[in-house]
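Visitor: I would like to go through this model with you. Shall we take it one question at a time?

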Amino acid sequence: MKLHTLTPAEGSTKNRKRIGRGQGSGRGGTSTRGHKGAKSRSGYKSKLGFEGGQMPLQRRVPKFGFKNVNRIEYQIINLGDLQILVDKLNTDTISLETFIENGLMSKKDVVKVLGTGELTSKINVSAHKFSASAEEAIQKVGGTVNKL
């Protein structure tokens, strides 16, 4: 064994910067933090969106519009979808349970039937809301509309 052949045991050394260990290390003095300012101090934590005193983007961008908290989001089902459902199930009565079982809505949804598509079968439909054209088309083929 000679001094020039000595190496540290495996796993005993780390490959990381040793910061703040004197000027001779090349990382002493400011310890890679630069000069002055909040980021160079210990205990620095930045607030989310803080831009060093500059007006933050969140406050610079103009705001407009209005979000109505009482808005009701309707799950839309077209007459064409109803016809497909009737053909698939061979039934003349369609209720909310039918929509839920076939994945057209969830239990929390509010349903509105719209008049897009063709309806050829006589059906009884139960839903929360109907458009005028959908109601007319259902009654035209001899079906009934049941508003919940």
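Predicted model: local features only at pLDDT ≥ 70, side-chain atom pairs only at ≥ 80, totals over all residues.

Visitor: What radius of gyration does the protein chain have?

Guide: Start with the reference value. A compact globule of 148 residues would come out near 15 Å. The C-alpha trace here spans about 100 × 50 × 20 Å along its principal axes. The radius of gyration of the protein chain is 35 Å.

Visitor: What percentage of the residues count as buried?

Guide: Buried means under 20% relative accessible area. The protein chain has 148 residues, and the share that counts as buried is 20%.

Visitor: In what pattern do helices and strands follow along the sequence?

Guide: The protein chain has four helices and six strands. Read along the sequence, their pattern is α-β-α-β-α-β-β-β-α-β.

Visitor: Which elements are included in what covers the buried residues of helix 2?

Guide: Helix 2 runs over residues 79-89. Its buried residues are Leu79, Gly80, Leu82, Gln83, Leu85 and Val86. Their cover includes strand 1, strand 2, helix 3, strand 3, strand 4 and helix 4.

Visitor: Which residue just after helix 2 takes a positive phi?

Guide: The phi in question is about 55 degrees. The residue is Asn90.

Visitor: How far apart do the centres of the positive and negative side chains lie?

Guide: The protein chain carries 26 positive and 12 negative side chains. The centres of the two sets are separated by 31 Å.

Conventions. Residues numbered from 1 in each chain as written. Heavy atoms only, no water. Helix = DSSP H or I, 4+ residues; strand = E, 2+ residues; numbered from the N terminus. Rg over C-alpha atoms; globule rule 2.2 N^0.38 Å. Buried < 20%, exposed > 50% of the residue type's maximum accessible area, 1.4 Å probe, protein only. Lys, Arg positive; Asp, Glu negative; His and termini not counted. Charge placed at Lys NZ, Arg CZ, Asp CG, Glu CD. Contact = heavy atoms within 4.5 Å.
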